[in-house]
Amino acid sequence: MNLTEDRITKFRGLIENATGNISIVIAQVDPDALGAARGIAWLVNQLRPKNGLEVNTFYAGSISHPQNQAIVNRFDLLKRMKPMKSFSVCDNHNVILVDSSSVTDGRLLAQTDQRIDPFIVIDHHRGSEIKERDETFVWIEDVGSASTILTELIQSLGFGFGDTNQTVALLLALGIHTDTGSLTDCFERDRLAYNVLTSAVSNQDLTQLFRYPLPQSHFVNVERALRNKVVQGGKLVTHIGKISSSDGDDLSSIADDLIRMSGVTLVVVWGIIDKMVRISARNADITNPLDIFLRERLPSSSCGAKLSSDGRGIGGGNLTLDLGVWMIEETTEEVVSLVSKWIQTKIFEV
Ligand SMILES: [Mn+2]
């Protein structure tokens with residue numbers, strides 16, 4: 001969807017008249033946030049003569065998922081981004097927030113005591129408290145990714161995807177692809193934007209980013225999950241034991257794979273990270289909402305879930321178990337086995 005002339009003029013005016021440095025903020029490091037951040041940085045640099053002014057990107061969270069590591073390494077993004085921990089009062093000026101629309105986002109507040117008041121917000125998540133004012137530009141819409149909106153914004157301002165912004169096109173395409181589950185959970189606009197971007201980049205560049213290397217530990221965890229799985233009445237529960245926080249993303253990727261097993265309608269995969277039980281859950285049964293199921297079965301957890309456009313449940317969270325001295329001591333086989341029995345009882349209960 002293209003912007004109206006009024007909106008284009010407003011956006012252009014805000015960027016052109018922004019005096020001083022601009023800070024782009026992302027609340028997490030994932031392909032969509034990275035794509036949207038790089039896209040808006042490029043756009044700002046086209047609209048505003050540099051004159052020694054900087055456009056800095058700040059990120060909250062860590063770079064642990066192998067795909068994110070692959071992107072960050074490939075494009076040398078660490079050189080271009082600063083951790084939110086270093087976000088100071090001097091940076092809290094001309095702030096642009098992308099792929100998030102909450103200024104009270106816990107992920108940001110955990111790393112800086114600066115409360116941001118962005119003058120530009122571009123996002124695709126619902127429920128934002130931010131309202132547009134005369135001096136701000138807020139574009140929040142229910143599409144598959146923030147990178148989709150960024151692509152439309154770049155086009156609305158009269159730019160195409162040519163030789164000078166190949167990396168931008170590549171990162172935006174990857175953002176759309178990832179946030180829409182390989183374009184399976186997407187809107188027409190996501191597909192249109194993706195087509196525009198991918199027709200501007202080489203096939204080889206694109207495939208390289210999709211076939212990112214996975215660490216050995218990923219396969220060890222997959223093996224553990226398969227070995228530990230117990231299936232009852234279409235529900236599959238498994239665990240990968242004690243893992244490091246850098247392997248935390250394996251829980252969701254294993255859950256994504258296992259929910260595709262025929263005959264399985266619900267998957268719960270858990271692991272112990274820093275004495276916390278982290279859970280990832282998937283549900284293919286649309287008559288049984290996953291968030292309610294998890295909250296009823298695991299009341300002592302922070303579990304929640306969202307619904308994909310085709311009715312699948314995607315969720316997870318952390319579980320607080322009062323195991324007393326067991327949890328204070330090193331996480332032993334006994335602890336894993338106790339947690340395992342408890343979770344199985346809760347999930348399999350009819
Ligand atoms: Mn996103």
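Colleague: What percentage of the residues of the protein count as buried?
Modeller: Keep in mind that this is a predicted model. A residue is buried if 20 or more other C-beta atoms lie within 10 Å of its own. Of the 350 residues here, the share that counts as buried is 39%.

Colleague: And what radius of gyration does the protein have?
Modeller: For 350 residues, a compact globule would come out near 20 Å. The C-alpha trace spans about 65 × 40 × 35 Å along its principal axes. The protein's own radius of gyration agrees with the globule value, at 22 Å.

Colleague: How many helices and strands are there?
Modeller: Let's take contacts along the way: among those with a separation of 6 or more, 68% join residues 24 or more positions apart. As for the elements themselves, the protein has 13 helices and 12 strands.

Colleague: Which residues have the most contacts inside the largest nonpolar core?
Modeller: That core has 57 residues. Apart from it lies another core, of 31 residues, including Ile259 and Leu290. Back in the largest one, the residues with the most contacts inside it are Ile40, Ile96, Val98, Ile122, Leu150 and Ala173.

Colleague: OK, what does Ile122 touch there?
Modeller: Leave out residues up to four places away in sequence. Contact here takes C-beta atoms within 7 Å. On that basis Ile122 touches Ala36, Ile40, Val98, Trp139, Ala146, Ile149 and Leu150.

Colleague: Are helix 2 and helix 5 roughly parallel or roughly antiparallel?
Modeller: Helix 2 covers residues 31-47 and helix 5 covers residues 146-156, and their axes are 8 Å apart. They pack at an angle of about 20 degrees. Angles under 35 degrees count as roughly parallel, so helix 2 and helix 5 are roughly parallel.

Colleague: Is the crossing of helix 2 and helix 5 left-handed or right-handed?
Modeller: On the helix 2 side, the contact is made by Asp32, Gly35, Ala36, Gly39, Ile40 and Leu43. Helix 5 brings Ala146, Ser147, Leu150, Leu153 and Ile154. The crossing of the two is left-handed.

Colleague: Now Ala284: is that residue buried, exposed or partly exposed?
Modeller: Ala284 is in the loop between strand 10 (276-283) and helix 11 (290-297). Ala284 has 18 other C-beta atoms within 10 Å. Buried needs 20 or more and exposed needs 12 or fewer, so Ala284 is partly exposed.

Colleague: Which residues does Ala284 touch?
Modeller: Val138 is 146 residues away along the chain, and the C-alpha atoms of Ala284 and Val138 are separated by 35 Å. Not counting residues up to four places away in sequence, Ala284 touches Ile259, Thr265 and Arg312.

Conventions:
Residues are numbered from 1 along each chain as its sequence is written. This is a predicted model: local features need pLDDT of at least 70, side-chain atom pairs count only at pLDDT 80 or more; totals for chains, interfaces and linings use all residues. Helices (H or I, at least four residues) and strands (E, at least two) are DSSP runs, numbered from the N terminus. The radius of gyration is taken over C-alpha atoms; the globule rule is 2.2 Å times the number of residues to the power 0.38. Two residues are in contact if their C-beta atoms, placed from the backbone, lie within 7 Å. A nonpolar core is a set of buried Ala, Val, Leu, Ile, Met, Phe, Trp, Tyr and Cys residues joined through C-beta atoms within 7 Å. Axes are lines fitted to C-alpha atoms, for helices over the stretch in contact, and angles run from 0 to 180 degrees between N-to-C directions. Angles under 35 degrees count as roughly parallel, over 145 as roughly antiparallel, 65 to 115 as roughly perpendicular and the rest as oblique. A crossing is left-handed if the near helix is turned anticlockwise from the far one by less than a right angle, and right-handed if clockwise.
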